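Please read the points below alongside the model.

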Amino acid sequence: MEAIMAKVVVLNGDVVNYDGQIDWQALADDVTVYGVTATDEILARVAGAEVVVTKEMPLPGAIVRQFPASVRLVVEAGTGYNNHDLHALRDMGITLTNIPAYSTQRVAHTAIMLMLNLASSMQVQLRMLARGDHRNFSNHLLVPHVELNGKTLGVVGFGHIGREIIKVAQALGMHILVATRTKRADRDGIHFTTQAELLAQSDFVSLNLPLTEQTRHMINAETLAQMKPSAFLINTARGGLVDEPALITALQAGTIAGAGLDVQEVEPLPDDSPLFDLPSVIVTPHMGWRGLETRQRLARLVGANITAFLAGKPINVVGD
């Protein structure tokens, strides 16, 4: 990557570079990287910077409105930007860009992985092995084990990741329902329908939406009650899409069969969360975007955003 003549500050680089394999210094000729930045440290650390890079880190409006005039660009090193105060950035004349498609395949494969594991009760089998219980080998298989082919997958949202999940699911022989805000005609073996019909008919429901005030807690006690008792919820998008206490209640009551959650409403998930112990649940630590190749691609695309902006041809601008 060609050196960029700008002062760049990365405020929480360790989120991406937790294993030392990502080279943030390649972003520009003058890069300062902080592993972690507390809210009360932000202003001092962005002093004199032209570009600020964050990854899923809240930038409160009260802080943004005190940014120095030097800051012209904030790059969210990820897809979701609900952690930024768009009004404050706009008022300060600061451009916000994101990286909309860097982890499409990896996140989609995480969703498929969760479905495959839930279909075969893999988490239950692994727990049995961990406590020395080998009865699945000596007796008939003691846990539910079903095929994905022939099952119905409901995909809520039709963005990059949703479409990639559909591609893999169709290769596995699944039937596809999709619910979107925009009415669409059926195509390519996909039936576009309402969210209510999708919830009622799907064996697996995959959430693939950004977190907004309109989508927050879209999965709640009411919508969970619309799902089949044999259905599984898959969330690789944002934890806040799901009312977590309502989900836990539904899982404990058998309202739905189980869940695969790569994202949680509070991250990291508290140690005392019942989600860790429910046998019908797989929780993973927001790993969908964390593959090495995915993070390397992310860093390259952050650099591309910065280069394009400084050349007067900004890309991936939020709000365009």
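1. Glu 56 and Lys 55 form a salt bridge, with the closest N and O atoms 3.4 Å apart. The term is used for a side-chain nitrogen of Lys or Arg within 4 Å of a carboxyl oxygen of Asp or Glu. Glu 56 is partly exposed at a relative accessible area of 29%, whereas Lys 55 is buried at 2%. Buried is under 20% relative accessible area, exposed is over 50%, and partly exposed lies in between (1.4 Å probe, protein chains only).

2. The model is predicted: local features need pLDDT of at least 70, side-chain atom pairs count only at pLDDT 80 or more, and totals for chains, interfaces and linings use all residues. Residues are numbered from 1 along each chain as its sequence is written, and side-chain values use heavy atoms, with hydrogens and water left out.

3. Helices (H or I, at least four residues) and strands (E, at least two) are DSSP runs, numbered from the N terminus. Arg 238 is buried, with a relative accessible area of 17%.

4. Elsewhere, Arg 216 forms a salt bridge with Glu 213, the closest N and O atoms being 3.9 Å apart. As for shared partners, Lys 55, Glu 56 and Arg 238 are joined by their salt bridges into one network. The structure holds eleven salt bridges.

5. Lys 55 also lies over the face of Trp 289, at 4.2 Å from the ring centre. A charge is taken to sit over a ring if NZ of Lys or CZ of Arg is within 6 Å of the ring centre and within 35 degrees of the ring normal. The charged end of Arg 163 is placed over the ring of Phe 158, 5.6 Å from its centre.

6. There are two aromatic pairs. Rings of Phe, Tyr and Trp (its six-membered ring) pair if their centres lie within 6.5 Å; planes under 30 degrees apart count as stacked, over 60 as edge-to-face and the rest as tilted. Phe 158 and Phe 192 are edge-to-face, because their planes stand at 85 degrees, with ring centres 5.2 Å apart. Phe 158 is in the loop between β6 (152-156) and α7 (160-171), and Phe 192 is in strand β8 (residues 190-193), so the pair links distant parts of the chain, 34 residues apart. Phe 158 is buried at 9% relative accessibility, and Phe 192 is buried at 8%.

7. Phe 204 and Phe 232 form a stacked pair, 5.3 Å centre to centre with 20 degrees between the planes. Phe 204 lies in strand β9 (residues 204-207) and Phe 232 in strand β10, so the pair ties together parts that are 28 residues apart in sequence. Phe 204 is buried at 2% relative accessibility, and Phe 232 is buried at 14%.

8. Which residues of α10 are buried? They are Glu 244, Ala 246, Leu 247, Ile 248, Ala 250 and Leu 251. Their cover includes α9 (221-224), β10, β11 (258-261) and β12 (281-283). An α-helix has 3.6 residues a turn, so residues three or four places apart point the same way. After α10 comes Gly 254, with a positive phi near 80 degrees.

9. The protein is divided into domain 1 (8-102 + 291-311) and domain 2 (104-283), the bounds coming from an automatic or database domain assignment. Their C-alpha centres lie 31 Å apart. Eight residues from domain 1 and five residues from domain 2 take part in the contact, where contact means heavy atoms within 4.5 Å.

10. UniProt, in an unreviewed entry, places "domain: D-isomer specific 2-hydroxyacid dehydrogenase catalytic" at residues 21-318. That span is 32% helix and 15% strand, and its end C-alpha atoms lie 28 Å apart. The UniProt annotation "domain: D-isomer specific 2-hydroxyacid dehydrogenase NAD-binding" (unreviewed entry) covers residues 112-288. Residues 112-288 are 31% helix and 16% strand, with end C-alpha atoms 11 Å apart. UniProt positions are given in the numbering used here, feature names are shortened, and annotations may be inferred rather than shown by experiment.
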